[in-house]
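Subject: A structure for you to look at

Hello! Here is the structure I promised to pass on, with some notes on what turned up in it. Please open it beside this email as you read.

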Amino acid sequence: MRPIRSTLWIILAVLSLTWVIANLPFPETLTVITLRNLLVQYSGVLSIGAMSVAMILAMRLPVLENWLNGLDKSYRLHKWLGIAALITAIAHWVAVNGPKWAMSLGLMDAPNRQRPTGAMPELGTIETFLRSLRDPAEGLGEKAFYLAALLIAIALIRRVPYRLFAKTHTLIAVAYLVLVFHSIVLIDFDAWTQPVGLITALLMAGGVMAAVFTLTRQIGRRRKVPGTITGLRQFPSMKVTEAEVTVAPRWPGHDAGQFAFVTFDRKEGAHPFTIASAWDANTCAITFISKALGDYTDRLPQALAVGGEVTVEGPYGRFTFDDDKARQIWIGAGIGITPFIARLKHLATAPDGKKIDLIHCVPEIAPQPQALLEADATAAGAALHLMRDTEDGLLTGARLREMMPDWSNASIWFCGPAAFGTALRRDLVAHGLRPTDFHQELFNMR
């Protein structure tokens, strides 16, 4: 989480600092209108800058995934940048319209707009052209703001079905392109010769490329392969479905713990699923496990059939168990067990000599999946600890430290509900665990 938080604040701080440098010295007399104009420019730079980086992150570039330690982290930063862009855009909208509202309510007198005396300064060709576009830039920008605000709200409201979110979210690219036009025309012209202008221009150039890729459906296209469902297994009491998909030979392979975007139904679109199998180039088979947790996954067991065609895009993620620790403690909560199943299957054929304890926290587990998990753990040489909520109680940091006396020498790998992982991390770090030794999959694409 630290790279996400620090990267977010660094982006905002760099934009803020360069904007301040470009506007020094500030006017000696700060009137309401002067402050309003400064806020309009500052909030505009922050908003388009944050939105541009969010657009770039949506391209799923490997270099950014590596920098942020996984696409799940990249998407979390994308989300927070979207929120930052929305907040600063609202501030921008209020700053633009505030004086008009105040004057209409009689709270403020209309400013005395005196014509400057003397000869008017000559404007360059580019500045003159941009000034001629102010009216359409303002009108279109306001409409794009309303559209972007609505689409970001849809993305953040979890009650909105994923299908609707996925289909409408691409429209942000349209709103973004309009806002780029709005920004180019209305950002103070002198700023373009300053570092803030250069940085903003570079970010917008990257954002425009991302918007074009989004609208032409190029994102992830080279990482997509066709596949066929070759096996299905269901565990009704746990609302779990296991699907085996045989993919085309050009699938590059994957590491245990990675995930893919899988399209079982073109109308529904792609959904992220953790891969629950080790890679075998001889069979080209990949296993995905899903649990009925919402609108789409509730319907999945009835929608899937052997022989069905699918599209798999990936692999993505850096939850791959790579570290220098000889001791690892794995915690899989609920459906978060899937990356550990893949790793167990990999270790069964390619052991790495590490001492591993796997804690599986689950409300209940049926006999068949329990037997399968126990067999996988035995084959991999890992110690399995089942913790059923009603029978064994809940796992806490204190209980983990009691269960594993050598916990401080281990790296912790957690996949499950984000709040659960955060609570464990805080407890263990407070008792001496290095933050970098706690690895958490933030498997949430909204």
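In which helix is the place of Leu151? Leu151 sits in helix H6, residues 134–156; helices here are DSSP runs of H or I with at least four residues, strands are runs of E with at least two, and both are numbered from the N terminus.

A word on the background: this is a predicted model, where local features need pLDDT of at least 70 and side-chain atom pairs count only at pLDDT 80 or more, while totals for chains, interfaces and linings use all residues. Residues are numbered from 1 along each chain as its sequence is written, and side-chain values use heavy atoms, leaving out hydrogens and water.

Is Leu151 buried or exposed? Leu151 counts as buried because its relative accessibility is 4% (buried is under 20% relative accessible area, exposed over 50%, partly exposed in between, with a 1.4 Å probe and protein chains only). Setting aside residues up to four places away in sequence, Leu151 touches Thr168, His169, Leu171 and Ile172 (contact means heavy atoms within 4.5 Å).

Now for the neighbouring helix. H6 packs against helix H7 (residues 162–169) at about 150°, with the axes 9 Å apart; axes are lines fitted to C-alpha atoms over the stretch in contact, and angles run from 0 to 180 degrees between N-to-C directions. Leu151, Ile154 and Ala155 in H6 meet Phe165, Thr168 and His169 in H7.

Enjoy exploring!
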